[in-house]
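Subject: Structure handover

Hello,

I am passing on the structure we discussed. Please look it over first; my notes come after it.

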Amino acid sequence: METRLSDMVMDEDGEWKEFYDILYKDALTGAYNRRYYEDHMKKKKIGAGVAMIDLDDFKYVNDTYGHSIGDTFLKTEVAVIKKMIRKTDALIRYGGD
């Protein structure tokens with residue numbers, strides 16, 4: 001699929017990004033976001049498996065060690081999960097407490 005200039009937007013660093021990625025991907029982790037789930041996955045009428053992972057007391061990590069450590073933790077978790085799922089699977093960061 002060809003990307004058109006009209007499908008591109010400039011991010012805060014002056015880099016051109018595809019509008020789709022900005023709209024549907026979590027900026028921190030690169031996982032799909034809740035909007036992607038709402039717009040694309042929620043209405044699908046196919047058989048699928050769903051696994052939800054809750055990082056218990058994640059707020060404690062941010063409050064105790066700081067948001068930069070919490071961000072690193074989230075990015076690491078997503079990277080590990082991406083290595084474990086199929087290319088056809090969708091990893092979606094739905095939200096937190």
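This is a predicted model: local features need pLDDT of at least 70, side-chain atom pairs count only at pLDDT 80 or more; totals for chains, interfaces and linings use all residues.

Overall fold

The chain holds four helices and four strands. In sequence order, these elements follow the pattern β-β-α-β-α-α-α-β. Of the 97 residues in the chain, 13% are buried. Among contacts with a separation of 6 or more, 42% join residues 24 or more positions apart.

Largest pocket

The volume of the largest pocket is about 1,400 Å³. Its lining consists of 33 residues, and those nearest the centre are A51, M52, L91, I92 and R93. Two or more lining residues are given by each of α2 (34-41), α3, α4 and β4 (92-93). Helix α4 provides the largest share, at five residues. Sorted by class, the lining comprises 18 nonpolar, six polar and nine charged residues.

Helices α3 and α4

Helix α3 spans residues 58-65 and helix α4 spans residues 67-84; their axes come within 6 Å and cross at roughly 140°. The pair is therefore classed as oblique, since only angles over 145 degrees count as roughly antiparallel. On the α3 side, the contact is made by F58, V61, N62 and Y65, and on the α4 side by H67, I69, G70, F73 and L74.

Two single residues

Where is D26 found? D26 is in the loop between α1 (19-24) and β3 (32-33). Is D26 buried or exposed? D26 counts as buried because its relative accessibility is 17%, and the cut-off for buried is under 20%. Leaving aside residues up to four places away in sequence, D26 touches A31, Y32, N33 and R93.

T72 belongs to helix α4. At 43% relative accessibility, T72 counts as partly exposed, because that class runs between the 20% limit for buried and the 50% limit for exposed. T72 and T29 are 43 residues apart along the chain, and their C-alpha atoms are separated by 9.2 Å.

Regards

Terms used
Residues are numbered from 1 along each chain as its sequence is written. Side-chain values use heavy atoms; hydrogens and water are left out. Buried means under 20% relative accessible area, exposed over 50%, partly exposed in between (1.4 Å probe, protein chains only). Contact means heavy atoms within 4.5 Å. Axes are lines fitted to C-alpha atoms, for helices over the stretch in contact, and angles run from 0 to 180 degrees between N-to-C directions. Angles under 35 degrees count as roughly parallel, over 145 as roughly antiparallel, 65 to 115 as roughly perpendicular and the rest as oblique. On a 1 Å grid over the protein atoms alone, a cavity is a set of points where a 1.4 Å probe fits but cannot get out, and a pocket is an open set with protein on both sides within 12 Å along at least five of seven lines; lining residues have an atom within 4 Å of a point. Grid points are joined across faces, edges and corners, and a volume is the space filled by probe spheres set on the points. Ala, Val, Leu, Ile, Met, Phe, Trp, Tyr, Cys and Pro count as nonpolar, Asp, Glu, Lys and Arg as charged, and the others, Gly among them, as polar.
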